[in-house]
Amino acid sequence: MGALISTVVNVVIALVIVGGLFTGLNLLLNKLSQQWDDRIRPWLFIGPAVILLMVALVVPAVRTVFLSFRGGNRGDQGYTTDHWTTLLGSKSVISFERSGDILTSRLFVLGIILLVVGIVAGRRGAERGAGLDLGNPIASVALGTAGLAVLMAVLSTLRGVIWNNLWWVVVVAGLATLFGLALAVLADRSSRESIAKTLIFMPMAISLVGAAVIWKFIYDTPGAGQSEGLLNLLWPGDPIDFLRGTSGSGTIAPWNNFFIMVIMIWIQAGFAMVVISAAIKGVPDELGEAARVDGANEAQVFWRVTLPQITSTILVVITTLTITVLKIFDLVKATTGGAADTDVLANRVYDTLRNGNFTDSSTYAVMIFVLVLPIMYLNIRRNRAEVR
Amino acid sequence: MTAVETTGPAMEPVGQRTHRVLTKVPTGILWLIVVLWTIPSFGLLVTSLRPEADQISGGWWTIVSNPTLTWQNYHDALFSPPGGTLPFSQAFVNSMAIAIPGTLVPIAIAAAAAYAFAWMDFRGRHWLFIGVLAMMAVPLQMSLVPLQQLYSGGAHVSIGSSTFILIPDLNLNNKPIAVWLAHTAFGLPLAIYLLHNYIAGLPRDVFEAARIDGANHFGIFWRIVLPLAKPAIAAFAIFQFLWVWNDYLVALIFLGQNRDASPLTIQLVNLVTSRGQGTELLPAAAFISMVVPLVIFFSLQRYFVRGLLAGSVKG
């Protein structure tokens, strides 16, 4: 309790000092002429925020880029591109070794078949020379699944932390959004909607570390002082350690990654559901009514009226999830610690930092930043549109 | 089908009956998914209440044949965990000591900035605001190494042969303030964005009336804007409090070496990775770390959703 009381006292003192300073300077400004007041006061209001952002975010971000081009663990040995060439040349970071296996993987073949199905179905519905008709459920579902399957085939075959990180993005952003969309549509047509939504949304409130513990009791193998996980109860063969990928009869690696991603989908599907659900309720009823009067059935109303209206919301959900997942750390750290072929970029940032290798750590951080940049660009564009 | 039709007591036409059944299908599927979604948490809750021997002998579903429940795990996790682990009662207090200032301080700083961005005229306002928003998407990993160096060595600039100290060595690493100060900065862009949206939407008449009555910016901010912005402040406060409470990475980087000040998340992972010792306490410890978020979630869900949806792109 002592720690809490002393912290609270310190914070109160700090707030009183800062608040007092802020008030004092403001009262001082009241005495000045209107002209000086208008010039200085805005900076008094935004000053603390700008200074803190500069010290803790802007300057550090620039310095992190700088450190990634400096020699030595601490960045005190001149300029070099060694960190970039070494890390990007390392097979544990990004490897193309097994790229030949992609074409023969079952997921890839499945993806190609679905692609053909989707194109055929889409062409049939389309007006002459108008490309593909994506309002056709078969076409859009087949094409969507095909894309997901091909990307998963590529990213589960190629190994290294960057590929693994991208695999995370595709699986979690893709499947959580799909689940969220499906749940939102189901909830829209169900009774007692709000209770169901609350229960599905609940994992969003707890920590990723807590979620990792919850799922440990789904994935555990029996024995060694721990209880049997639910999944191993249902699994007919030898018990599998789903997180580390090992079992009596071989290994499921790299698909153990998938079981960690499932935890993230469990958390984020609720988020996607809530956002998309709000968007669906925002679609004016008249649009659907008009389509029904014109003879559209329920499926057509959904695929050709509702879905196009909420496309921008779905894109927001996907970009948001992508940014979140590119930085995924807690779940990997709390389940495998990055062992068993499950490492990701943010875990490398932590590991190298803990080992005192500040320059490698910075290089990994910049890699995450580079992957986030395209999405940041889209966000700025959207925000600018909102500001104006 | 015809048999059903003729024997049905209400003599309902098949089409209508099928329709009636079909409209219940979404509800059925939805609740099936809800059950699937809830099973993992429910299983952990049951496990947390079982004695150690029962936990090892079988999964939580064996509660049916072996229905012994006990609070012992909660008691042990809170007050006497096995060697090396901080009692979770202490870690709970540590989490509070980080999350409370990590929520209050950014609100104070952001409210002033948000008001200035919304209702004051100054050069560079537009671009500065866009810059602040852009910060929301910068991964916090970009700040970790420099911030740690700043906390333990200060900031210097060398020009020629002379070195200027910009920020002295404050030796903050492994103290709670290192964590909540970082959270304050990381939370600012979202706080400014949320509060700005709300404050900018307040009716202009209110401000003009106050101006005519002789109020200046400071008076308006203090007496009008802050009270009116309460809903937005509440939404951000809940989001930020949960974010800081649930955070693992920032605490691990800046406080990971100081066991006695470490929050619940760090202690929980320590318990996961300490193979063998105290595994039976893990479910109870997990629930201790989730109590506060769950209470907030179920009691303030409306605000929680608002803050979360607006803040989902936070760094």
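Visitor: Which strands form the open sheet in chain A, and in what order?
Guide: In this predicted model, three strands of chain A make up an open sheet, ordered E1-E2-E3, with antiparallel pairing.

Visitor: And which are the edge strands?
Guide: Strand E1 (240-241) and E3 of chain A are the edge strands, as each of them pairs on one side only.

Visitor: How many bridges are there between E2 and E3 of chain A?
Guide: Strand E2 (residues 246-247) of chain A pairs with E3(A) over two bridges, in the antiparallel sense. Within E3(A), the residue opposite Ser247(A) is Gly250(A).

Visitor: What holds strands of a sheet together in general?
Guide: Strands of a sheet pair through backbone hydrogen bonds, and the pairing may be parallel or antiparallel.

Visitor: What joins Ala253(A) and Pro254(A)?
Guide: The two residues are linked by a cis peptide bond, with omega about 0°. Pro254(A) belongs to the loop that runs between strand E3 (250-251) and helix H10 (256-282) of chain A.

Visitor: Turning to backbone angles, what is the phi of Ala340(A)?
Guide: Ala340(A) has a phi near 55°, which is a positive value in a residue other than glycine. In chain A, Ala340(A) sits in the loop between helix H14 (330-335) and helix H15 (345-354).

Visitor: Why does Ala340(A) count as partly exposed?
Guide: Ala340(A) counts as partly exposed because it has 19 C-beta neighbours inside 10 Å, whereas a buried residue would need 20 or more.

Visitor: What about Asn174(B), what is its phi?
Guide: Asn174(B) is not a glycine either, yet its phi is positive, at about 70°. The loop that holds Asn174(B) lies between strand E2 (162-167) and helix H8 (176-200) of chain B. Asn174(B) is partly exposed, since 18 other C-beta atoms lie within 10 Å.

Visitor: Staying in chain B, is Ser161(B) buried or exposed?
Guide: Ser161(B) is exposed, because it has 5 C-beta neighbours inside 10 Å. Ser161(B) is placed in the loop between strand E1 (155-159) and E2 of chain B.

Visitor: How many Å separate the C-alpha atoms of Ser161(B) and Ile98(B)?
Guide: Their C-alpha atoms are separated by 40 Å, and the two residues are 63 residues apart along the chain.

Visitor: Now the contact: how many residues does it take from chain A and chain B?
Guide: The contact involves 83 residues from chain A and 86 residues from chain B. On the side of chain A that touches chain B, helix H2 (residues 34-67) of chain A supplies the largest share, 15 residues.

Visitor: How do the residues on that side of chain A divide?
Guide: The side of chain A that touches chain B has 56 nonpolar, 18 polar and nine charged residues.

Terms used: Residues are numbered from 1 along each chain as its sequence is written. Chains are lettered from A and ligands numbered from 1 in the order in which they are written. This is a predicted model: local features need pLDDT of at least 70, side-chain atom pairs count only at pLDDT 80 or more; totals for chains, interfaces and linings use all residues. Helices (H or I, at least four residues) and strands (E, at least two) are DSSP runs, numbered from the N terminus. A residue is buried if 20 or more other C-beta atoms lie within 10 Å of its own, exposed if 12 or fewer, and partly exposed in between; C-beta atoms are placed from the backbone. Two residues are in contact if their C-beta atoms, placed from the backbone, lie within 7 Å. Ala, Val, Leu, Ile, Met, Phe, Trp, Tyr, Cys and Pro count as nonpolar, Asp, Glu, Lys and Arg as charged, and the others, Gly among them, as polar. Two strands pair if DSSP finds at least two bridges between them.
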